[in-house]
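Biologist: Can you walk me through this one? Keep it short, please.

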Amino acid sequence: MTLDRRKLADHTAGWGFAAPAVILIGAFGLVPVVWSFLLSFQRTDLTSPGTFIGGDNYAKLVADPLFWDAARRTLVYVALFVPITLVLALPIAVMLNQKIRGVLLYRLAVSVPLVTSTVATGIMFNWLANPQFGLVNAALDAVGLPKQGFFTDPGQALYVVVAMTVWGWLGFAVIIYLAALQNVPKDLLEASSLDGCGRVRSFWHVELPLVAPATGFLLVWLTINGLQLFDAVYVTTKGGPLRATTVLVYHLYNEAFVSFDGGYAAAIGCAVFLVIGVFTLVQLRFNRRTSHFEVR
Amino acid sequence: MRRPSALHLILLPLSVVMVTPLVWMLLVSVSTQEESRRFPPGLPSGIEWENYLAAMRDAPLGSWLTNSFVVSVVCVVGNLLLCSFAGYAFARIPFFGSKVAFFLMLATLMVPFQIVMLPLLIMMRSLGLVDTLGALIAPNLATAFGVFLMRQFFTTLPRELEEAARIDGASRLRTLLQVLLPLMRPTLATLAVLTFLQTWNDFLWPLLAVQSPGTMTVQIGLQSFQGAHTTNWPKLMAGTVLSQLPVLLVFFFAQRFFVRSVAAAGIK
């Protein structure tokens with residue numbers, strides 16, 4: 001009897017503590033996922049009740065050349081943004097992990113872009129890459145190269161977005177790598193140098209394999225964020241010029257809030273979610289396979 | 001005498017590249033109009049504080065900053081309270097449905113926001129919250145990540161700590177507030193820094209949820225300001241500096257927690 005009463009007290013206390021957060025997260029995080037899936041089978045402008053139209057939105061998606069263009073641009077973006085960030089971040093983290101004078105200042109410099117909002121970053125880059133009086137064109141001009149159009153050139157805009165987002169995310173990747181490198185046991189590095197390993201060889205054979213979990217995490221995280229690119233495009237090119245930077249989420253935004261085709265936008269959202277989900281699962285498996293390098 | 005490292009030859013130029021956009025933003029914000037449109041660009045001859053006054057005068061920058069501040073602070077307080085309560089329950093109290101609830105909550109972490117935002121907008125409309133700060137606060141008042149972080153923290157604490165207090169007759173709430181709270185401080189600080197940065201810099205949701213200049217956050221306001229003032233760079237840059245000041249302050253004074261929270265959350 002007393003035991004049951006204590007259990008009952010646990011149930012009420014547990015829900016009493018957890019309910020506010022659980023209800024909020026359920027209502028605003030979980031319910032919308034199911035709802036979005038239902039929306040993708042409707043025709044709706046998001047303001048008035050929609051009508052069910054079966055799989056029409058998905059049929060439209062498969063046949064929509066603008067969707068596939070956006071998908072291709074998103075892939076190009078991710079295929080550049082993720083590897084460039086990773087390849088730059090690791091050597092920088094290794095350098096910032098050395099005991100040299102002023103290393104804290106260098107760390108500060110590298111991580112400052114992290115707290116800079118995308119809007120501020122966009123405004124700064126709009127100015128730096130301004131075709132008439134921007135700093136980058138001034139630098140090109142000084143070394144005798146022709147001025148470039150950057151955000152105004154359909155052939156360049158997406159690459160400038162890549163450069164801008166690499167600048168914004170580099171500090172994040174460096175911090176993750178630094179944390180991983182600081183966990184590499186010192187005696188392993190000492191042992192490898194006693195065995196005659198040079199600094200470069202011990203990097204390839206000791207540090208690189210040991211930070212593999214960090215690389216795996218960054219690969220997933222940067223890709224997920226890259227697939228969701230929107231803010232950086234909105235504050236710089238608004239998807240232009242000539243749709244050159246209209247990536248998937250930007251296309252979704254256009255469909256929902258410019259064409260008022262909420263159902264189709266939801267279908268695009270579900271497609272993005274599917275890609276992200278598959279990617280995450282594949283990566284999780286890959287991570288499990290490489291994590292045996294981890295030394296405790 | 002230790003020889004200066006050759007690494008400076010790489011790290012110094014790299015640091016310059018990383019901080020140049022920010023430094024240049026500061027320089028343009030104190031330049032005159034003519035100086036900002038020179039080619040090639042150069043250093044300003046004096047400090048034109050007038051740009052800051054002009055930015056404050058020509059845009060409701062004050063109310064944008066206030067809105068951002070209100071939303072961020074309310075969300076920080078909400079997360080600290082609700083996430084530590086829920087995290088405590090999930091870590092320590094065996095209650096009916098706790099495993100399912102926790103799993104479903106974690107699952108929401110995988111969902112991209114673009115999936116959530118369309119129904120969320122419909123919900124906010126039917127709640128009458130669209131174009132109010134409530135629409136920005138409600139969905140961010142408690143986060144799955146926050147609950148997860150706090151639960152992880154509570155599972156690392158030895159049970160004896162609270163059992164002693166419980167045997168002495170203290171209620172769970174009192175144990176949490178009087179015995180565990182002092183130990184929770186670093187984790188709470190991490191959660192606070194992270195929530196503040198995220199809500200302050202949030203863009204997509206406020207872009208959809210608020211429209212009138214009086215309810216805009218500073219990020220959305222700045223974006224609309226940019227559309228209207230591309231010809232006056234100094235004024236625009238002054239506004240941008242003001243919008244970044246609070247997060248830069250948080251960054252400098254809470255760097256320890258900041259680095260930890262980035263590593264813990266993987267969120268920018």
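**Chain B first, then chain A**

Modeller: In chain B, 46% of the 268 residues are buried. Buried means that 20 or more other C-beta atoms lie within 10 Å of a residue's own; exposed means 12 or fewer, partly exposed is in between, and C-beta atoms are placed from the backbone. This is a predicted model, where local features need pLDDT of at least 70, side-chain atom pairs count only at pLDDT 80 or more, and totals for chains, interfaces and linings use all residues. Residues are numbered from 1 along each chain as its sequence is written, and chains are lettered from A and ligands numbered from 1 in the order in which they are written.

Biologist: How many helices and strands does chain B have?

Modeller: Chain B has 14 helices and zero strands. Helices (H or I, at least four residues) and strands (E, at least two) are DSSP runs, numbered from the N terminus.

Biologist: Is chain B a compact globule or more spread out?

Modeller: More spread out, because its radius of gyration is 23 Å, well over the 18 Å that the globule rule gives for 268 residues. The radius is taken over C-alpha atoms, and the rule is 2.2 Å times the number of residues to the power 0.38. The C-alpha trace of chain B spans about 75 × 70 × 30 Å along its principal axes.

Biologist: Switching to chain A. What is the span of H7(A)?

Modeller: H7(A) has 26 residues and reaches 38 Å from first C-alpha to last, close to the expected 38 Å. The expected span is 1.5 Å times one less than the number of residues.

Biologist: Where does H7(A) bend?

Modeller: At Trp169(A), by about 40°. That is the angle between axes fitted to the seven residues ending there and the seven starting there.

Biologist: Why call H7(A) largely enclosed?

Modeller: Because 20 of its 26 residues are buried.

Biologist: And what does Val174(A) touch?

Modeller: Its contacts include Ala89(A), Ile92(A) and Leu96(A), not counting residues up to four places away in sequence. Contact means C-beta atoms, placed from the backbone, within 7 Å.

Biologist: Which residue has a positive phi in chain A?

Modeller: Phe150(A), with phi near 50°, and it is not glycine. Phe150(A) sits in the loop between helix H6 (135-142) and H7 of chain A. It counts as buried because it has 22 C-beta neighbours inside 10 Å.

Biologist: What joins Gly240(A) and Pro241(A)?

Modeller: A cis peptide bond, with omega about -10°. Pro241(A) is in the loop between helix H11 (231-236) and helix H12 (248-257) of chain A.

How values were computed:
Contact = placed C-beta atoms within 7 Å.
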